[in-house]
Amino acid sequence: MPQVRIIAKNFMDMVASLPAMKLDTLYQNAFICEAILRSLPPLAKKYVVQILFFDGPVSGKLLEQWVLADGVTKHRVAIDRLIQLRIFIEVSDKKRESSYKLNQTFQANLRKHLTNGGVLPRETMAAVVKLPSLEELDTYALEQWECFLLLLISSGQAEKPTSLSSSMMKIFQRGLLSQRDRDAPRLTEGGFQFLLMDTNAQLWYIIREYITNSEERGTEPADLISFLLELSFHVTGEAYNMNTLTEIQRNTIKDLAELGLVKLQQVILVWAIGRKESWFIPTKLATNLSVSLTDSSSRKQGYVVVETNFRLYAYSSSKLHCEILRLFSKIEYQLPNLIVGAITKESLYTAFENGITSDQIISFLQQNAHPRVAERLPSVPENVTDQIRLWEADLNRVEITPSHFYDEFPSRDTFEAACDFAREWNGLLWEDSKKMRVVVKAEIHMNMREFLRGQK
């Protein structure tokens, strides 16, 4: 099972893979245009905003003049991303020099949105009953999400059937769970890694997989992407009538409610001869969908303290926290608001065998460090992090990384540009500057190939 890697550009790669006609259809919605703009690299955003009110193509050489000498690689990455998303349409003049013009649909709708301001995708409704407060909504979202993850952890031990819809179960079975014959479902290597991710990364993984298998449910991926991005512009805590949604959108909302992205409410109107009124209320999980994964403002306060003697104290009453810590440590006892355990060689070996890496464990402990220790550097004692890595090294004396080898570059400039590109994508494994040879990770091979084609 390949390692699960969740980053913001993965979702945008999915958008970029849509056919040109479907992308143009997406860009007819001004809110989608804004969501796509938010997702772009900083330099790409700059290009779009600067030429948004300019009609006609802009010379590629002119764009290069807007960048400092040390920003050439970022410039190429920005241009590539804009072309992939069909925000930039590449044209060539008589001198065969590249120029770029904005996608007319994207340009017109984003102009109108920025100039006149956008009307919300749908109007809020006057609630028949009292709506939950923002604090109650946050609590609900957290409880739903934790319940969702607990079902994943305990799926192999659960005696009663889960309440998840078939859509969500397919996501589990796609990469997080495996099952043989009549055996109980088991977490895959990717499933164990998924549990140690932060909430934003977990959410985007689920959303991405939900979109990927949408065609199996008879739903167009483009329609689903459009609705999810549109949902991020709704107001947290406001009620929206379910009758304003299509049948597909209503089914999607019911699935999202299982994750805690929305809360569903329903009431029977006595004065309307038993007519039911239903609405959904977006939580912060839904309204943050178009926010970059690198935004740390939504991360929860930490709760873990690790001591130099490998003792672990987690100030939490959450059953989910206890089960996650059990993935790589030995839990000794649990009090109403305190979990006490120890990081042992045996507990770590179990984690490594399940596909969890030392870096993932250390990163989890650092990201979830209690505020009292989070301010000190390092937040996890060095002797503990060093020993975790050493114990992993005992099992992994040889590391195999799928990769691709490149040589016979036409010029040194092309070779150096390729190396810079690989570094930018965190995929450079080895380079030989004398013989102009380079090895990159297999996961960036397609992007590297497209980049080199553009260098010709």
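Does Ser99 count as buried or exposed, and at what relative accessibility? At 11% relative accessibility, Ser99 counts as buried, where buried denotes under 20% relative accessible area, exposed over 50% and partly exposed in between (1.4 Å probe, protein chains only). The structure is a predicted model, in which local features need pLDDT of at least 70 and side-chain atom pairs count only at pLDDT 80 or more, while totals for chains, interfaces and linings use all residues. Residues are numbered from 1 along each chain as its sequence is written, and side-chain values use heavy atoms, with hydrogens and water left out.

Ser99 belongs to strand E3 (residues 98-102); helices (H or I, at least four residues) and strands (E, at least two) are DSSP runs numbered from the N terminus. Not counting residues up to four places away in sequence, Ser99 touches Pro57, Val58, Ser59, Gly60, Ile89, Glu90 and Val91, a contact being heavy atoms within 4.5 Å.

In the protein chain as a whole, the secondary structure comprises 21 helices and 15 strands. Of its 456 residues, 48% are buried. Among contacts with a separation of 6 or more, 67% are between residues 24 or more positions apart.

Helix H3 (residues 30-39) and helix H7 (residues 104-116) have axes that come within 9 Å and cross at roughly 95 degrees. H3 is therefore roughly perpendicular to H7, a class covering 65 to 115 degrees, with angles under 35 counted as roughly parallel, over 145 as roughly antiparallel and the rest as oblique. Axes are lines fitted to C-alpha atoms, for helices over the stretch in contact, and angles run from 0 to 180 degrees between N-to-C directions. Ala30, Phe31, Cys33, Glu34, Ile36 and Leu37 in H3 meet Phe106, Asn109, Leu110 and His113 in H7.

An open sheet is formed by 3 strands in the order E13-E15-E14, with antiparallel pairing; two strands pair if DSSP finds at least two bridges between them. Strand E13 (403-406) and strand E14 (428-432) stand at the edges, each with a single partner strand, so one side of each lacks a neighbour in the sheet. The twist averages 10 degrees from one strand to the next. E13 pairs with strand E15 (residues 437-441) in the antiparallel sense over 4 bridges, and Tyr406 has Val438 in E15 as its bridge partner. Helix H20 (residues 412-424) packs on the sheet, touching E14 and E15, and its direction makes about 160 degrees with that of E14. Helix H21 (residues 445-455) also packs on the sheet, touching E13 and E15, with its direction at about 25 degrees to that of E13.
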